[in-house]
Amino acid sequence: MLGIVGAVLFFIAFLINSAEISTNHTFSSVNVMLLGLTALALHVAGIGSTWSRRR
């Protein structure tokens, strides 16, 4: 699930950057891209995955 969130955030960052949309400093394309990288790193680490390791 977090991998999909990361992909969506990367797409939003791409749209902000390519369309040169003026946003405030909180939602700049670099900040959205870093949020996408954080979601992707959590996905790779196994956080938020649907597989349960408990028995």
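**Helices and surface of the model**

Leu 35 lies in helix H2, where helices are DSSP runs of H or I with at least four residues, numbered from the N terminus. This is a predicted model, in which local features need pLDDT of at least 70, side-chain atom pairs count only at pLDDT 80 or more, and totals for chains, interfaces and linings use all residues. Residues are numbered from 1 along each chain as its sequence is written, and side-chain values use heavy atoms, with hydrogens and water left out.

Residues of H2

- Leu 35 counts as exposed because its relative accessibility is 52% (exposed means over 50% relative accessible area, buried under 20%, and partly exposed in between, with a 1.4 Å probe and protein chains only).
- The C-alpha atoms of His 43 and Ile 4 are 9.2 Å apart, with the two residues 39 residues apart along the chain.
- Leu 37 belongs to helix H2, which covers residues 29–45; at 41% relative accessibility, Leu 37 is partly exposed.

Helix packing

- The axes of H1 (residues 2–18) and H2 come within 8 Å and cross at roughly 165 degrees (axes are lines fitted to C-alpha atoms, for helices over the stretch in contact, and angles run from 0 to 180 degrees between N-to-C directions).
- H1 is therefore roughly antiparallel to H2, a term for angles over 145 degrees.

Terms used:
Helices (H or I, at least four residues) and strands (E, at least two) are DSSP runs, numbered from the N terminus. Angles under 35 degrees count as roughly parallel, over 145 as roughly antiparallel, 65 to 115 as roughly perpendicular and the rest as oblique.
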